[in-house]
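Have the sequence and the 3D view ready side by side.

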Amino acid sequence: MEKHEVRAAAGGAAVVGVAFGMARYAYGLTLPDMQAEFDLSEQLSGLVASATFVGYLIGLLGVPVLVARRGPRAPTSVGGACGALGCTMVALSPNPVVLAAGAVLAGSAAGWVWAPYSDVLKAVAAPRHRPTLLAVVTTGTGVGLVGLGALGLLAPFVSWRLTWAGIAVAAALAATLNLRLVPALPPPGREEAGAPLHPGRLLVPLLYTVAYFVAITVYFTYASDAADEAGLADWAPALVFALIGLGGLVAFWTGRMTAALGPGGVGAASLGVVGTALCGLGLASGAPLVLGSAVVLGAGFMVGSSVLAIWTAHVEPERPGTAFTIALVVGAVTSIVTPAVTGALVPSAGLGTVLVLSGAVAVTSAAALAAGLPVRAAVRRARARTT
């Protein structure tokens, strides 16, 4: 593997790790302290949380426009700046308005920084190295979650503002590192930009995307509540985030897994693992199951994210960034809708039941995906023989 390939992946892992692993989840982790200081109502807190997802979606939709004008590194720089500025605004916020604006801006960073690396690595890396490098970029999120968990564990001893200030510093450093390590690339040429997408090839990855984002959104939405119901201490959510990040480090080997099982096989396996973690969280009656489910979730979560980047690049090799952006937009919409649906079910069915049912749906979806792989392979072989 060439040095410039490793450098580009390292820069991507840095900005993705901070934007996804830290800035995107910091709001939920520090919310109780912010509510206490600003006397935020549950309704207002929920509106700000939803707005951060909208900011993420806006960032995603802006990526193709900026790539077409400035090249694939440009959105990653915008995302790094949004993360640093947004987190600084939250850390220094004098009132709820500034806090909300900063949280939304920080949340948008994740939308800008991830998808462009499919195009960056297409330009700088050999085809045989791209799956591994895409996995490295994505798995930066796991490292970021470990860092966020560490900051969260320090929260009882320091102000929540210092947590956000620490993330702001990390975002600025990551953005600087990204500028140094990732080359400035030109916008795609007319021929490349005009290459057609193939909806049929994207159908299965997009169906996987919906099932995957439903499952992980349910877990992240209710992990803290499940920890409370299991009687864990107030600092337990921070430990849960750290354990998710540690479990997710296995995703560094997603490229090898994909070479052995194919992207569909790895996607099915990761979805099954996430479903298992949800069932464990729903059945948790004490610390071991809650914390164990976090490690299991981390493995499925990060491998599932990594394989989505690899899968979309595999089915759309001419326009990997566009294909990945489409998948992430579908995932973002799914993440916005899912809490509303599950939130309506929890009061009547109970949190544990909703978690177990969500896990069962994920496992069933994984089984359906795995069962369909031989059929799709046979269809591809039949088409190859007729052409």
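Let's start with Thr141: leaving out residues up to four places away in sequence, it touches Val16, Gly17, Phe20, Gly21, Phe301 and Met302. Contact here means heavy atoms within 4.5 Å. Thr141 sits in helix α6, which covers residues 130-154; helices are DSSP runs (H or I, at least four residues; strands are E, at least two), numbered from the N terminus. With a relative accessible area of 5%, Thr141 is buried, because buried means under 20% relative accessible area, exposed over 50% and partly exposed in between (1.4 Å probe, protein chains only).

Before going on, keep in mind that this is a predicted model, where local features need pLDDT of at least 70 and side-chain atom pairs count only at pLDDT 80 or more, while totals for chains, interfaces and linings use all residues. Residues are numbered from 1 along each chain as its sequence is written, and side-chain values use heavy atoms, with hydrogens and water left out.

Next, find Val113 in helix α4 (residues 96-113). Is Val113 buried or exposed? Its relative accessibility is 1%, so Val113 counts as buried. Apart from neighbours within four places in sequence, Val113 is in contact with Val15, Val16, Ala19, Thr76, Gly79 and Gly80. Now look from Val113 across to Pro32: these two are 81 residues apart along the chain, and their C-alpha atoms are separated by 28 Å.

Ile216 is another one to click on, in helix α9 (residues 199-229). Ile216 is buried too, with a relative accessible area of 5%. It touches Val274 and Phe301, not counting residues up to four places away in sequence.

For a contrast, go to Asp39, in the loop between α1 and α2 (42-70). At 68% relative accessibility, Asp39 counts as exposed. Most residues other than glycine have a negative phi.

Now for pairs of helices. Take α5 (residues 116-124) and α6: their axes come within 10 Å and cross at roughly 145°. Axes are lines fitted to C-alpha atoms, for helices over the stretch in contact, and angles run from 0 to 180 degrees between N-to-C directions. The crossing of α5 past α6 is right-handed; that is the name when the near helix is turned clockwise from the far one by less than a right angle, and left-handed is the name when it is turned anticlockwise. On the α5 side you'll see Tyr117, Ser118, Leu121 and Lys122, and they meet Arg130, Leu133, Leu134 and Val137 of α6. This contact divides into 5 nonpolar, 1 polar and 2 charged residues. Here Ala, Val, Leu, Ile, Met, Phe, Trp, Tyr, Cys and Pro count as nonpolar, Asp, Glu, Lys and Arg as charged, and the others, Gly among them, as polar.

α12 passes α13 in a right-handed crossing. Leu308, Ala309, Thr312 and Ala313 of α12 meet Pro320, Ala323, Phe324, Ala327 and Leu328 of α13. The residues in this contact are 8 nonpolar, 1 polar and no charged.

α12 also packs with helix α11 (residues 254-283), at an angle of about 145° and with the axes 7 Å apart. This crossing is left-handed. The contact has 17 nonpolar, 12 polar and no charged residues.

Finally, the core. What does the largest nonpolar core contain? It has 115 residues, and those with the most contacts inside it are Trp164, Tyr219, Ile244, Phe301 and Leu328. Helix α1 (residues 3-38) supplies the largest share of this core, 17 residues. A nonpolar core is a set of buried Ala, Val, Leu, Ile, Met, Phe, Trp, Tyr and Cys residues joined through side-chain atoms within 4.5 Å. Zoom in on Tyr219: not counting residues up to four places away in sequence, it touches Ile244, Ala277, Leu278, Leu281, Val290, Ser293, Ala294 and Leu297.
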